[in-house]
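I opened the notebook to look up a few things in one structure. I began with the whole chain and then went to single places.

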Number of protein chains: 2
Amino acid sequence: MNDKFFNLPLEKQQRIINAAYKVFSQSSYKKAPMSEIADESGISKALLFHYFTNKKELYLYLWVNAIEMTRKAVREYKTLETNDFFEMLKRSLLSKCSLMRDYPHMYAFSLRAYYETASEIKSAIQENFSDVSKTSEMIVFEKMDTSRLRKDIDLKTMYDEIFYAIDGYMLKKYRSNRIIPDEIELEIISLIDFWKKVYIQKGA
Amino acid sequence: MNDKFFNLPLEKQQRIINAAYKVFSQSSYKKAPMSEIADESGISKALLFHYFTNKKELYLYLWVNAIEMTRKAVREYKTLETNDFFEMLKRSLLSKCSLMRDYPHMYAFSLRAYYETASEIKSAIQENFSDVSKTSEMIVFEKMDTSRLRKDIDLKTMYDEIFYAIDGYMLKKYRSNRIIPDEIELEIISLIDFWKKVYIQKGA
DNA sequence: CTCCTTATTAACCGTATCGGTTAATACAGA
DNA sequence: TCTGTATTAACCGATACGGTTAATAAGGAG
């Protein structure tokens, strides 16, 4: 890629990669056209190809960028510096909301990219990701303080169910094209409060 | 459309419309090619166009068909003939699993079709659907026996959260390409058992 | 204003794919 | 062998694709 991209005003950089996140999150790699990304970001296709040598390079840049920014946000929100499960959950989701403010379609992009089947892309993708999600799950389970949680329910199921719900919630938001970080943040917080009420042992 | 389609052996009919459900569930209407549907169902494109006059007609046929079959399955499983919420949920999901055995990609298709933006399609779609999902939610709330449920939690949130989780669960299945009805049925049942344990008032 | 560098794009290229058609073939049964 | 039907290969014009090129616009230095 062309390093001059980084000399662009930050707002323009963001406009371009956001357009790319959007287009790549709505279609598969193969069916997502560069021209649509150019149109969406308000620049010419030629300029887009001036900054990114080809489609594959742009896509992989987006991928690496997404992982990096996610890691950074998780760190900034001190997500793993607590052992209260719901606090951890909250920090994790708030960090995602903050990312969403700058990059509304990054979350959907990541989800889709992980399952991307295009051969040119597939290999480069999956290696660096399985550790991110899998090991973070491990860390959570190791650090988690379970003493205040109900004893009669299976924690793994609870954990899975909560993440299913978050994915389902976000899916609905994306499908209906309502990506409003403030609204999402509020609703997520109220969902977490709901889960706390449900899963924390009475009297604990 | 050509009525001769219905003279085809049922297995072949199903192969064709399943291929169509699959392709239309993976790409938007505009980007889903008829040739892919033909290939996927093992017939020539020309024959596909012989049975369905054009792409739009096929799509709308799939849509009407999906609604009709869903309604039928809900009826067959006597979904609304109980007022136990979890029983209702179970019947509703088991009916979907049974549909999934014949039409694995219908669920994903319906979800996507509802939010389809292509102008040629949009108008024809949304009218007949909002009643299906909205009023069924109404019916559930009207019929629902809440006496055994925990009094300290908000029922609407519980309802929403459960359906988010189911959507999130199914999303994962589709993304990872694991549509195995028997497996899904088992996992769904165990999720429902989990919810029962969580939401039913102790001692009720 | 002139010159030079850099940012930006319109126009283009060859190829692939699209929705849809046509004319010919394979196949069945009488 | 004839006849009607099921099926497809080959084709059509249009469009969209990834990527390039050559020219223009913009900006800053002298």
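**Entry 1: chain A as a whole**

I counted the elements of chain A and found 9 helices and 0 strands. Read from the N terminus, the order is α-α-α-α-α-α-α-α-α. I noted that this is a predicted model.

I looked up the extent next. The C-alpha trace of chain A spans about 65 × 35 × 30 Å along its principal axes. Chain A has 204 residues, and 47% of them count as buried. Its accessible surface is about 10,100 Å², and carbon and sulfur atoms hold 52% of that.

I then checked contacts in chain A with a separation of 6 or more: 69% of them join residues 24 or more positions apart. For charges, I found 32 positive and 29 negative ones in chain A, with mean positions 2 Å apart.

**Entry 2: helices H4 and H6**

At what angle do H4(A) and H6(A) pack? I read off about 115 degrees, with the axes 10 Å apart. H4 covers residues 55–76 of chain A and H6 covers residues 106–114. Their crossing is left-handed. On the H4(A) side the contact is made by Tyr59(A), Leu62(A), Trp63(A), Ala66(A), Met69(A) and Thr70(A). On the H6(A) side I listed Met106(A), Phe109(A), Ser110(A), Ala113(A) and Tyr114(A).

I wrote down a rule beside this list. An α-helix has 3.6 residues a turn, so residues three or four places apart point the same way.

How many residues of H6(A) are buried? I found 7 of the 9, so H6(A) is largely enclosed by the rest of the structure. The buried ones are Met106(A), Tyr107(A), Ala108(A), Phe109(A), Ser110(A), Arg112(A) and Ala113(A).

I also looked at chain B. Ser110(B) lies in helix H6 of that chain, residues 106–114. Its relative accessible area is 15%, and buried means under 20%, so Ser110(B) counts as buried. Leaving out neighbours within four places in sequence, I found Ser110(B) in contact with Trp63(B) and Ala66(B).

**Entry 3: Val198 of chain A**

I picked Val198(A), which is found in helix H9, residues 181–199 of chain A. Is Val198(A) buried or exposed? It is buried, with a relative accessible area of 0%.

Which residues does Val198(A) touch? Not counting residues up to four places away in sequence, I listed Arg150(A), Arg150(B), Ile153(B), Val198(B) and Tyr199(B).

Most residues other than glycine have a negative phi.

Asn177(A) is not a glycine, yet its phi is positive, at about 60 degrees. I placed Asn177(A) in the loop between helix H8 (155–175) and H9 of chain A. Its relative accessibility is 57%, so Asn177(A) counts as exposed.

Lys78(B) also has a positive phi, near 50 degrees, and is a residue other than glycine. Where does Lys78(B) lie? I found it in the loop between helix H4 (55–76) and helix H5 (85–102) of chain B. At 45% relative accessibility, Lys78(B) counts as partly exposed.

How values were computed. Residues are numbered from 1 along each chain as its sequence is written. Chains are lettered from A and ligands numbered from 1 in the order in which they are written. This is a predicted model: local features need pLDDT of at least 70, side-chain atom pairs count only at pLDDT 80 or more; totals for chains, interfaces and linings use all residues. Side-chain values use heavy atoms; hydrogens and water are left out. Helices (H or I, at least four residues) and strands (E, at least two) are DSSP runs, numbered from the N terminus. Buried means under 20% relative accessible area, exposed over 50%, partly exposed in between (1.4 Å probe, protein chains only). Contact means heavy atoms within 4.5 Å. Accessible areas come from the Shrake-Rupley method with a 1.4 Å probe; for residues, only the protein chains shown count as cover. Lys and Arg count as positive and Asp and Glu as negative; His and the chain ends are not counted. The place of a charge is taken as NZ of Lys, CZ of Arg, CG of Asp or CD of Glu. Axes are lines fitted to C-alpha atoms, for helices over the stretch in contact, and angles run from 0 to 180 degrees between N-to-C directions. A crossing is left-handed if the near helix is turned anticlockwise from the far one by less than a right angle, and right-handed if clockwise.
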